[in-house]
Amino acid sequence: MEHGESFCPLQRCPIPPQPEGVGLSSPISVKKINRKFRRAIVLAGILGLVVGQLFLISPTFAQQSQATSNSPAQLQDFSQYGEAHCVQPPQNVDLMTLSDAQLSLYGLPLHAMLDKQPAKWASHLAHAKQRTCGTSPSTSHITHQHPSHTAPVSNTIQRTDPIWAGNVAYGSRATYRVASVNFTVPSIPSIGSSDRVSIWAGVGGDTDFTSSVMLVQVGVDVSRATFGGQYNTSWWEIAPYNAEQNLPLSRLKAGDRIFALASSSADNNGNNYFYIDNETVNNYNSHSDNASKHLTDGATGECIVERPTVGKTISHLANFGTEQLNSCDISSVSQSKYIINWPHDYYIMQDSSGNTLATVGAIVNNNYPIYWKRSS
């Protein structure tokens with residue numbers, strides 16, 4: 001795992017105590033004052049160099065970082081610099097009080113998102129203590145496909161799909177811009193070592209509601225490594241434009257609590273943004289992608305358990321037991337609501353032979369379980 005640079009806190013040099021019985025008129029005192037004066041000059045110079053490094057982002061960083069509004073291009077510059085240099089968030093500071101420029105620098109969501117649900121985001125940002133940076137193409141050739149539905153069951157909101165299980169909010173094109181979910185990394189058995197499961201939140205990509213197949217998503221893949229151990233990967237993807245892209249965390253183990261968010265032009269800025277954090281160890285990573293061709297259709301927002309595609313083959317579904325998807329939150333430009341408060345359907349996973357692989361429980365207190373039934 002690659003680690004970028006980080007800014008460390010300043011350390012103060014210890015100052016020896018003043019000897020007793022030495023007056024200001026003493027030659028010894030004058031010499032000590034001169035030494036202290038020289039030391040102060042040296043410390044001031046060091047401090048100036050460190051502060052100067054903080055302001056290398058742009059000549060007017062000090063002013064811009066305190067501004068209440070910035071252009072999308074300026075904020076993207078801050079975001080790219082912060083990601084490239086892995087600028088760490090400040091400690092013992094309420095991150096909700098930072099400006100958009102500062103939030104961009106640390107790779108955190110902007111106020112257009114935070115201010116819709118301040119209590120929720122204050123809780124999430126309390127876990128943003130340490131930042132891991134970097135993203136790279138996965139070597140596993142994994143893709144997360146848009147669904148290929150069979151006909152909906154008559155007079156119900158249940159649909160069947162060969163790869164998805166979960167809930168999908170639906171609407172007109174460009175309705176949905178952000179999807180987020182909390183979940184726990186499951187433990188899967190070593191039996192069926194080629195089996196996989198992905199858990200993610202995303203917007204777009206459901207061909208039942210739009211002709212576009214664009215899907216912007218972020219989540220975690222779980223599989224078994226060749227040596228038998230469990231292999232967990234955090235990732236983002238914009239299907240069909242790229243395969244899975246690694247978005248590494250400092251730790252990702254079975255039982256870890258994860259929060260994942262994907263957005264597409266959430267504040268009409270043309271950027272896709274991905275954020276994932278491990279709330280068990282207070283570590284996060286994020287990535288901003290500003291390729292305009294990657295904007296989602298936005299007709300759906302979803303929180304899903306999937307059996308991913310490896311190469312061109314749909315994998316067998318790993319036995320994840322019961323996976324609880326908590327606080328599946330879907331946002332439009334103007335408001336954020338839990339998925340139960342949007343028009344939505346639920347999806348059970350069935351293979352081409354009609355075998356049920358995973359089912360979905362009822363939404364209770366904005367949480368819903370997904371139950372594994374069989375691998376294929």
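These are my notebook entries on what I looked up in this predicted model.

**Ground rules.** I number residues from 1 along each chain as its sequence is written, and I use heavy atoms for side-chain values, with hydrogens and water left out. As the model is predicted, I ask pLDDT of at least 70 for local features and 80 or more for side-chain atom pairs, while totals for chains, interfaces and linings use all residues.

**Confidence.** I looked up pLDDT, the predictor's confidence in each residue, from 0 to 100. The protein chain averages 81, and 74% of the residues score at least 70. Where pLDDT is low, the predicted coordinates should not be read in detail.

**Helix H6.** I took helices (H or I, at least four residues) and strands (E, at least two) as DSSP runs, numbered from the N terminus. Which residues of H6 (residues 118–125) are buried? I found Lys120, Trp121, His124 and Leu125. Buried means under 20% relative accessible area, exposed over 50%, and partly exposed in between (1.4 Å probe, protein chains only). The four lie on the same side of H6, because they cover an arc of only 120° around the axis; the arc is that of the directions from the helix axis to the C-beta atoms. An α-helix has 3.6 residues a turn, so residues three or four places apart point the same way. I then listed what the buried residues of H6 pack against: helix H5 (111–114), S6, strand S11 (257–264), strand S12 (272–278) and strand S17 (322–331).

**Aromatic rings.** I counted rings of Phe, Tyr and Trp (its six-membered ring) as a pair if their centres lie within 6.5 Å; planes under 30 degrees apart are stacked, over 60 edge-to-face, and the rest tilted. The structure holds 6 aromatic pairs. One of them, Tyr275 with Tyr284, is stacked, at 5.6 Å centre to centre and 25° between the planes. Tyr275 is buried at 0% relative accessibility, and Tyr284 is buried with a relative accessible area of 0%. I also found that Trp121, Phe259, Tyr275 and Tyr284 form one aromatic cluster.

**A charge over a ring.** I looked at Lys337, which lies over the face of Trp342 at 4.0 Å from the ring centre. The test is NZ of Lys or CZ of Arg within 6 Å of the ring centre and within 35 degrees of the ring normal.

**Val222.** I located Val222 in strand S8 (residues 215–224). Is it buried or exposed? Val222 is buried, with a relative accessible area of 1%. Leaving aside neighbours within four places in sequence, its contacts include Val185, Pro186, Ile188, Val197 and Tyr231. Ile188 is 34 residues away in sequence and 7.8 Å away in space, C-alpha to C-alpha.

**Backbone in loops.** I checked the peptide bond from Ala239 to Pro240, which is cis, with omega near 10°. Pro240 sits in the loop between strand S9 (230–239) and strand S10 (245–246). Ala174, in the loop between strand S5 (164–170) and strand S6 (178–184), has a positive phi near 70°. Ala174 is partly exposed, at 37% relative accessibility. Asn365 has a positive phi near 55° and lies in the loop between strand S20 (356–360) and strand S21 (367–372). Asn365 is exposed, at 67% relative accessibility.

Terms used: Contact means heavy atoms within 4.5 Å.
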